[in-house]
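Colleague: I am new to this structure and should like to understand the terms applied to it. Would you please take me through them?

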Amino acid sequence: MPDAYDTLPQPSIPPESAWDPLPAAGWDRGAAAHLLRRAGWSAEPESVERAVREGMELTVERLFAAGGAVFPMPGPVADLERDLPDIQRAARQAATPDVRRQIEQEARERSRSALLDMTIRWLEFAAGPEESARAKWVLFLSDVYVVAFEKVPRPFLLYRHFDLIARRGLGPAPELTKAVSRSPAMIHYLDLDQSRREAPNENFARELFELFLLGEGNYTEEDVKQAARAFTGYRADPSGEFRLARAQHDDGVKTVLGTTGRLDGDQVIDVAYGLDAAGSFLPGEWARFYLCDGGIPGPWREALGRRWRAREYDLGWLVRTLFSSRLFYAPEFRGQFIKSPVQFYLGLVQDLGLRVMPVPRLIASPLRRMGQALFDPPNVRGWVGGRQWINSASLQARRALVEMLFSRLNEDALDADERMDLGIARSGGAADFCVPDSLLSPLLGLKPEAAVDRLVRRFLPEDPGPAFREALLAYLAPAPANPAERRRRTKRAAASVIESPHYQLC
Amino acid sequence: MADNSPQPAFPATRREFFHRSASALGLLAFSRFAPAFLVDSTLAGAPAPERDRRILVVVQLAGGNDGLNTLVPFEDPDYYRLRPTLGIPKDKVLATGGLFGFHPACAELHRLFQDGRLAVVHGVGYPNPNRSHFRSTEIWETASGSGESYPTGWVGRYLDNSCAGSPGQDRDPVAVHANTLNGEPLSLVGAQSHPTFGLSPYSGLGGREAEESRRLLESIAGAAGRPGREADFLKQTLMDTLVTESRVQAILKAYRPHAVYPGNPFAQSLNAVAALIASGMPTRVYFVTLNGFDTHANQLPKHANLLRVLSEGLATFQGDLESHGLDRQVLTMSFSEFGRRASENESRGTDHGTASPLFLLGSRVRGGLHGAPPSLKIPKNQDVAFTTDFRSLYTTMLEDWLECPAGGVIAGSFPKLPLVT
């Protein structure tokens with residue numbers, strides 16, 4: 001089958017030198033802002049200055065430093081994990097089918113609400129400037145090693161899956177893959193828990209090769225069937241711990257990807273990592289997640305794949321190499337990548353100096369409409385990204401989110417739980433969940449031309465050109481005499497810059 | 001056109017564009033920056049689609065529908081051999097007077113079949129089947145062979161061949177999608193850019209502020225910037241969205257269905273499709289997705305639910321169209337990237353398979369069973385062989401329904417089926 005990558009435009013830097021570090025002369029404000037936006041969510045002026053001062057190497061080290069904070073399990077998720085055995089017992093012992101259904105219904109509601117809570121907590125965590133790059137890296141790896149709430153309605157298992165990725169996401173890749181094969185969420189998501197010696201289920205083995213490790217075309221149907229045997233008997237205890245059910249495990253001789261032996265699951269993963277395709281696969285996924293629509297052509301992936309294999313698939317080395325590479329900073333990739341919904345929202349939060357609004361209905365639902373429900377990607381391929389984020393419905397949803405953040409939060413419309421969540425979030429000190437008037441005040445004192453300039457420079461990754469500025473100016477000038485009207489127009493102008501096509505790019 | 005001219009260098013809105021082009025401003029001078037709706041509608045210069053033209057509704061059963069348990073060969077002992085626990089018992093099947101019957105959750109589809117408005121084509125697939133969801137979906141959406149990769153979808157190429165905009169009027173979407181997981185389906189992507197629209201249950205801003213917001217955004221979004229594929233794509237999509245958005249919202253709000261649609265997103269999407277059709281929107285193709293057919297484990301209740309949603313949704317849609325007198329204009333066709341393995345797996349589910357039956361619904365459909373049922377005389381874990389190539393269906397839809405020669409859309413020649421009356 002022809003490789004879809006074959007039709008991609010060729011990067012301006014040839015594959016042999018694409019992965020060399022950017023020369024120091026290339027490190028400037030533009031490069032630093034590009035790194036901060038792409039590795040994280042936004043480029044704050046102060047962060048850009050700091051990065052320029054410290055240099056590229058130190059900045060990349062700092063962004064991905066090991067041993068940073070970990071995302072803690074949210075309370076409602078832990079509570080659900082604690083209570084679920086009792087709930088299930090109560091359902092089994094229910095006096096009538098109606099009572100049982102009611103108990104099960106309540107359990108489903110609790111799972112959903114724990115998921116939404118986890119979504120908000122993760123966004124709050126990831127919005128922290130110190131955590132942004134590592135959180136995004138975990139989001140990237142979870143978009144390769146996909147699990148989804150739709151099939152695994154156990155938020156605590158999804159949490160553990162993310163947690164294991166976070167803990168191993170900068171170590172050796174084979175260790176990560178092996179840990180993922182034992183992740184209870186994965187075991188359920190791809191039906192390993194249904195896979196027995198007598199009846200291997202192919203689902204996990206197929207996606208392991210197609211979507212996690214090698215890519216289509218690098219294995220045969222027979223490899224899938226044989227590999228499936230090696231993963232038989234993988235189980236998760238009710239407590240959420242991995243165990244190998246020996247009686248269900250096929251320890252016979254198999255031939256997978258040209259290697260024959262009594263292979264177990266870990267050995268199948270090692271065999272797959274012995275293939276060149278394993279080296280170039282993840283760099284290709286990285287490019288599609290971080291760099292450009294559609295990714296990069298084969299020779300570029302392969303050039304990096306060879307070097308990465310020689311480093312024994314060290315993910316830490318990979319991440320430093322990727323974000324320091326000449327390719328990453330090439331001019332054709334600057335300001336020309338469509339933001340994911342999560343990047344759009346968290347970038348907005350950081351750009352506007354907001355806190356994540358702790359109301360799932362107002363944040364998690366818009367993310368879903370924009371096409372990115374956290375912990376619940378649409379299918380095992382994960383989010384395709386790039387242009388796929390954009391269609392009329394998702395653009396409407398992006399605009400609606402901006403309008404919500406630019407209007408005053410109507411707390412009367414919230415329910416009691418939501419008001420309580422707001423109260424708790426505010427108890428830590430003053431917090432803005434929506435754009436405060438104080439943010440606009442500095443603009444109000446400026447002449448319209450200067451206000452336009454400020455808005456454009458602050459929010460857009462590339463200069464949008466004179467016609468854009470003129471259109472904005474035609475709206476703001478002459479400044480209305482009435483202060484309220486002046487404030488309203490300034491706010492509308494800021495919202496429009498953020499709803500414009502230019503702000504959707506990073 | 002100096003940058004300091006009092007007017008923006010490029011027309012910011014459709015209205016302004018037409019105004020200015022009337023005053024003889026050259027279009028090609030800025031075609032590189034102009035939104036798609038401006039450029040290709042002017043270049044094409046073809047008449048607007050007529051209101052009473054035929055409409056195709058494509059329903060995607062995403063995940064791989066278990067065809068064997070949808071249209072059940074209940075007289076075939078091999079079926080029960082391959083499906084010891086998942087087989088639908090003969091006395092539960094909704095019989096059709098022949099060797100096949102419907103899954104009990106398909107009562108409404110069964111009724112439409114009995115009335116002659118539903119056709120089922122046996123064993124639709126393609127040679128050298130691929131069992132990857134994504135690759136096989138791509139094959140179906142692009143109408144490629146198993147070993148080929150096309151950048152465009154079959155509906156998109158149909159639009160390339162037959163559609164043109166209507167300069168001077170608001171240009172409505174020629175294709176609309178609803179309830180899809182990943183935005184615009186590849187099916188709708190053509191070599192040229194066509195206005196499409198994604199229906200969202202969300203309704204945007206209202207009132208004066210909304211209109212002002214739309215106008216300002218139109219004026220800055222239309223402004224030229226550094227040209228680039230992504231930036232241009234975003235501009236085009238946003239400009240088209242802004243214009244269509246207000247119009248579609250008004251249509252959906254005003255529509256009074258003559259049937260009660262179930263509350264699920266699939267049926268609600270069909271409700272919206274009916275509203276747009278009734279409004280006289282010149283959209284030729286609608287694409288609606290029903291997700292969740294990847295039933296690897298404990299399939300029976302899940303599959304029954306999905307079929308119920310499908311059956312109720314389609315029947316309500318058909319009834320609504322009929323009572324609005326629109327039914328002779330609309331034909332609905334289902335597809336799924338593959339069927340499932342004939343033999344059930346050990347998890348009370350089914351794994352990825354190959355061919356499966358496909359539905360056609362409408363008052364102009366020649367009802368009944370079409371094509372040849374695939375043989376089930378196969379060993380455990382082997383797949384059925386397809387009997388009708390899916391491109392035969394596409395060719396039939398293009399030529400006999402949409403009245404477009406299939407030659408420019410489908411590579412290769414595939415025999416048509418007598419499906420349209």
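Modeller: Let us begin with pairing: two strands pair if DSSP finds at least two bridges between them. Strands (E, at least two residues) and helices (H or I, at least four) are themselves DSSP runs, numbered from the N terminus. This is a predicted model, in which local features need pLDDT of at least 70 and side-chain atom pairs count only at pLDDT 80 or more, while totals for chains, interfaces and linings use all residues. Residues are numbered from 1 along each chain as its sequence is written, and chains are lettered from A and ligands numbered from 1 in the order in which they are written.

Colleague: Why is strand β1 of chain B called largely enclosed?

Modeller: A residue is buried if 20 or more other C-beta atoms lie within 10 Å of its own, exposed if 12 or fewer, and partly exposed in between, with C-beta atoms placed from the backbone. In β1(B) (residues 55-61), 7 of the 7 residues are buried, so the strand is largely enclosed by the rest of the structure. Ile55(B), Val57(B), Val59(B) and Leu61(B) point one way, Leu56(B), Val58(B) and Gln60(B) the other way, and all are buried.

Colleague: Which strands pair with β1(B), and in which sense, parallel or antiparallel?

Modeller: β1(B) pairs with β9(B) (residues 330-335) in the parallel sense over 6 bridges. Its pairing with β8(B) (residues 285-290) is also parallel, over 6 bridges. Leu56(B) has Leu331(B) as its bridge partner in β9(B), and Gln60(B) has Thr289(B) in β8(B).

Colleague: How do you know that Leu118(B) is buried?

Modeller: Leu118(B) has 25 C-beta neighbours inside 10 Å, and therefore counts as buried. Its place is in strand β5 of chain B, where 8 of the 8 residues (118-125) are buried. Contact is a separate term: two residues are in contact if their C-beta atoms, placed from the backbone, lie within 7 Å. Beyond its neighbours within four places in sequence, Leu118(B) is in contact with several residues, including Leu109(B), Phe113(B), Phe359(B) and Val365(B).

Colleague: Which strands does β5(B) pair with?

Modeller: β5(B) pairs in the antiparallel sense with β10(B) (residues 356-361) over 5 bridges, and Val120(B) stands opposite Phe359(B) there. It runs parallel to β11(B) (residues 368-370), with 3 bridges, and to β12(B) (residues 388-389), with 2 bridges.

Colleague: What is meant by the largest nonpolar core, and which residues have the most contacts inside it?

Modeller: A nonpolar core is a set of buried Ala, Val, Leu, Ile, Met, Phe, Trp, Tyr and Cys residues joined through C-beta atoms within 7 Å. The largest such set has 248 residues, and Leu56(B) and Val273(B) have the most contacts inside it. Leaving aside its neighbours within four places in sequence, Val273(B) is in contact with Val57(B), Ala178(B), Tyr286(B) and Val288(B).

Colleague: How do you know that the span of helix α20 of chain A agrees with expectation?

Modeller: The expected span is 1.5 Å times one less than the number of residues. For the 12 residues of α20(A) (416-427) this gives 16 Å, and the end C-alpha atoms are 16 Å apart, which agrees. α20(A) is hardly covered, its count of buried residues being 0.
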